[in-house]
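Biologist: I have not looked at this one before. Can you walk me through it?

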Amino acid sequence: MRTAHLRAPQEMQTRFGQECFIDEVAHAAGMDPVDFRIKHMQEPREIDVVKAAAEKLGWAKRTSRNTSGKVLTGRGISLHSGYQSYAAVAVEVEVNKETGRIWVKKVAIANDCGLVVNPIGVRAALEGQIMQGISRALYEEVHFNEERVTSVDWNSYRIAKLEDMPAQVELVLLNRPDKPLGGAGEPAIVCFPSAIANAVFDATGVRIRRYPLVPERVKQQLA
């Protein structure tokens with residue numbers, strides 16, 4: 001089967017495993033996921049993007065979880081450092097237990113790509129990553145059988161639509177004039193599957209270890 005690179009090849013899968021596991025360890029330790037990361041990080045730029053994303057989202061420590069309703073709400077965060085840049089993505093999601101649909105209601109991205117030469121360009125790059133990041137985290141999946149790929153059009157290969165986009169988006173650009181220029185087109189996008197999966201756990205108490213988090217998979221895991 002022929003393959004080709006997507007945006008940020010391999011990074012999204014790697015970060016999904018790493019950041020979901022860090023979130024799992026934080027909960028096992030009885031700590032808030034943001035506090036846990038800050039406690040164990042040593043790179044100041046990582047700490048700054050995590051704090052900025054959490055603050056913009058309006059992060060609040062969960063003291064209890066009520067899973068009795070039809071639609072549950074949760075928050076999750078993920079961090080990526082690479083391409084001489086640092087990015088943290090914090091999300092608030094709604095999980096419909098009956099349909100399995102996840103809606104990313106709110107997104108906050110804090111991005112540190114060193115010296116910011118063109119703020120408009122960086123913001124545009126981050127906005128594009130929100131659209132594609134949500135799409136790949138929740139829907140995009142190639143199906144195939146013993147003979148061929150069966151995902152051959154936009155009906156059999158689902159992508160995010162306008163109705164799947166967040167109601168609120170917050171972007172924070174941390175300008176570092178004393179640092180070299182880093183990349184802005186990939187660091188944030190790789191955080192979306194793990195941030196969303198962590199938020200689903202926060203909402204439901206169920207850890208989903210495979211993405212995309214399509215409705216059928218979510219319903220199966222919640223059951």
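Biologist: What share of the contacts between residues at least 6 apart in sequence join residues at least 24 apart?
Modeller: In the protein chain that share is 72%, where contact means heavy atoms within 4.5 Å. This is a predicted model, with local features needing pLDDT of at least 70, side-chain atom pairs counting only at pLDDT 80 or more, and totals for chains, interfaces and linings using all residues. Residues are numbered from 1 along each chain as its sequence is written, and side-chain values use heavy atoms, leaving out hydrogens and water.

Biologist: How many helices and strands?
Modeller: The protein chain has 6 helices and 4 strands; these are DSSP runs numbered from the N terminus, helices being H or I with at least four residues and strands E with at least two. The order from the N terminus is α-α-α-β-β-β-α-β-α-α.

Biologist: Is strand β2 mostly buried or exposed?
Modeller: Buried (under 20% relative accessible area, with a 1.4 Å probe and protein chains only). Of the 12 residues of β2 (residues 85–96), 11 are buried, so the strand is largely enclosed by the rest of the structure.

Biologist: Which way does β1 run against β2?
Modeller: Strand β1 (residues 71–82) and β2 are antiparallel, joined by 12 bridges; two strands pair if DSSP finds at least two bridges between them. Gly 82 sits opposite Ser 85 in β2. The β1 and β2 hairpin has 2 residues between the strands, and Tyr 83 in the turn has a positive phi of about 60°.

Biologist: And what about β2 with β3?
Modeller: β2 pairs with strand β3 (residues 102–112) in the antiparallel sense, over 10 bridges. Their hairpin has 5 residues between the strands, with Gly 100 at a positive phi near 80°.

Key:
Buried means under 20% relative accessible area, exposed over 50%, partly exposed in between (1.4 Å probe, protein chains only).
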